[in-house]
Amino acid sequence: MDASDSSYPSCNVGVDVHLQSSSLSPKDLETRRKVLTCEQISPEDPQEKNLVMEEDRGILRDRLVRDQIWIATATAIRLRLILLHKTALQTDRPFSLITCRPVLKTKVERSTDSFTMGSKLVASFLVFSVLATVAYAQLSETFYESSCPGGPAKVAEVVTSSIVRDRTLAASLLRLHFHDCFVRGCDASVLLDGPNGEKEAFGNKNSLRGFEVIDDIKRQVEALCPGVVSCADIVALAARDAVVAIRGTNWSVPLGRRDGVVGSAAEANNDLPPPFADFSMLSAMFSRKGLNTRDLVVLSGSHTIGFVSCATMQTRLYNFSSTSATDPTLDPNFANTLKRQCRVGDTTTKIKMDQTKFVDTWDFNFYSNVLRGKALLQSDDALKRNSNSLKIVQQMNRAGSPFNAEFGRAMIKMGQVDVLTGSSGEIRRRCNAIN
């Protein structure tokens with residue numbers, strides 16, 4: 001949850017804190033009590049802020065060294081708060097300094113109650129913070145340097161040769177990574193076959209492509225290093241290499257993901273943003289994955305390449321509402337152009353996402369289309385319906401646009417959503433089935 005959200009939960013943890021032995025002044029003791037019970041401290045009060053950021057750190061450190069579990073938890077929470085603070089700064093929203101440091105009990109009862117919490121909500125937050133920090137730390141660009149040094153290069157080789165034969169696969173492989181990460185995290189669950197798997201979800205069935213490329217990559221990488229490189233890492237690498245292959249932007253890909261063993265069409269139907277989503281729905285769905293408004297706008301820029309099925313356009317062009325057959329937010333001339341390509345009832349024809357280009361190229365033209373009412377999807381048009389996201393759209397749509405750098409940053413962030421690492425999951429021998 002964004003730290004600047006007004007609904008950010010209080011985190012009174014009910015710990016037994018012994019401050020009586022402290023030599024602090026009465027006012028400082030009151031501030032310390034706020035810190036240790038996780039009450040909100042106003043960043044406008046410099047005295048309290050300095051106390052939190054400087055004095056408190058030393059005292060609590062002496063206590064935390066008594067128990068390594070608490071040290072790990074406190075570290076995870078601090079990292080989580082730093083990320084939340086950065087998120088707030090990126091979205092230009094006010095940020096309230098919240099401190100939530102767990103404190104060791106000093107009584108004998110600690111042996112039977114070493115992890116006392118005031119609520120299940122806070123306990124869940126602590127566990128999430130620790131796990132997220134551990135997973136993040138285990139991903140590395142050099143993960144296969146010793147175990148399969150030729151693996152990443154082989155992925156790029158196969159992807160490049162595939163796109164030489166069919167340039168449209170670039171958008172498909174990029175989209176495959178998106179749809180994987182938004183359901184159960186970036187664990188290659190989207191690749192699993194099965195009657196109730198993610199391939200059968202509304203947003204995936206007869207829509208996702210590139211599975212044969214991933215299978216080809218897996219076969220060749222397995223020949224080099226059997227049982228080493230995960231399908232989840234292959235999907236992440238293939239997305240990056242696909243964009244590079246059409247002379248798009250480049251970004252680093254932290255590696256070390258493991259493969260999931262469950263795929264769910266029901267979860268995909270719930271988690272994948274639909275093409276008719278408004279801004280509120282999009283924002284909520286991205287937020288659940290730890291992605292903010294800036295990530296939403298920047299990642300949507302991938303629609304500068306690719307195709308959309310006329311089946312998706314039928315409602316927007318011919319049956320939008322009881323008062324308007326065609327979505328009035330579409331530029332009228334542009335709507336007529338689309339109708340010539342997508343006739344009434346056409347559910348099979350695929351048309352280009354960016355109608356201004358004869359051949360797909362990687363650029364920030366998507367944002368110009370959004371501003372001019374020439375975005376094919378309602379969910380893309382929605383990006384200009386919110387004041388904060390509109391500002392970001394305008395920032396991307398200018399000479400010297402930061403789009404490429406921002407896109408790489410957002411892809412790295414998205415690629416770490418709920419990853420499996422360590423002993424979690426498995427390394428599949430075949431990407432479409434569990435071992």
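This tour of a predicted model visits a helix pair and then a group of annotated residues.

**First stop: two helices**

Select residues 293-300, which form helix α11, together with residues 403-414, which form helix α17; the axes of α11 and α17 come within 9 Å and cross at roughly 115 degrees. Helices α11 and α17 are therefore roughly perpendicular to each other, and the crossing of α11 and α17 is left-handed. To see the contact itself, display the side of α11 that includes R294, D295, V298 and L299, and then, in α17, the residues they meet, namely F403, E406, F407, R409, A410, M411, K413 and M414. The residues of this contact between α11 and α17 comprise seven nonpolar and five charged, with no polar ones.

**Second stop: the annotated residues**

Next select D180, V183, G185, D187, S189 and E198, which an unreviewed UniProt entry lists under "binding site". Although these residues span 19 residues in sequence, no two of their C-alpha atoms are more than 12.4 Å apart, so they gather at one spot.

Centre the view on D180, which is found in helix α6 (residues 169-181) and which, at 0% relative accessibility, counts as buried. Leaving aside residues up to four places away in sequence, D180 touches G185, C186, D187, A188, S189, V190 and V235.

Conventions:
Residues are numbered from 1 along each chain as its sequence is written. This is a predicted model: local features need pLDDT of at least 70, side-chain atom pairs count only at pLDDT 80 or more; totals for chains, interfaces and linings use all residues. Side-chain values use heavy atoms; hydrogens and water are left out. Axes are lines fitted to C-alpha atoms, for helices over the stretch in contact, and angles run from 0 to 180 degrees between N-to-C directions. Helices (H or I, at least four residues) and strands (E, at least two) are DSSP runs, numbered from the N terminus. Angles under 35 degrees count as roughly parallel, over 145 as roughly antiparallel, 65 to 115 as roughly perpendicular and the rest as oblique. A crossing is left-handed if the near helix is turned anticlockwise from the far one by less than a right angle, and right-handed if clockwise. Contact means heavy atoms within 4.5 Å. Ala, Val, Leu, Ile, Met, Phe, Trp, Tyr, Cys and Pro count as nonpolar, Asp, Glu, Lys and Arg as charged, and the others, Gly among them, as polar. UniProt positions are given in the numbering used here, feature names are shortened, and annotations may be inferred rather than shown by experiment. Buried means under 20% relative accessible area, exposed over 50%, partly exposed in between (1.4 Å probe, protein chains only).
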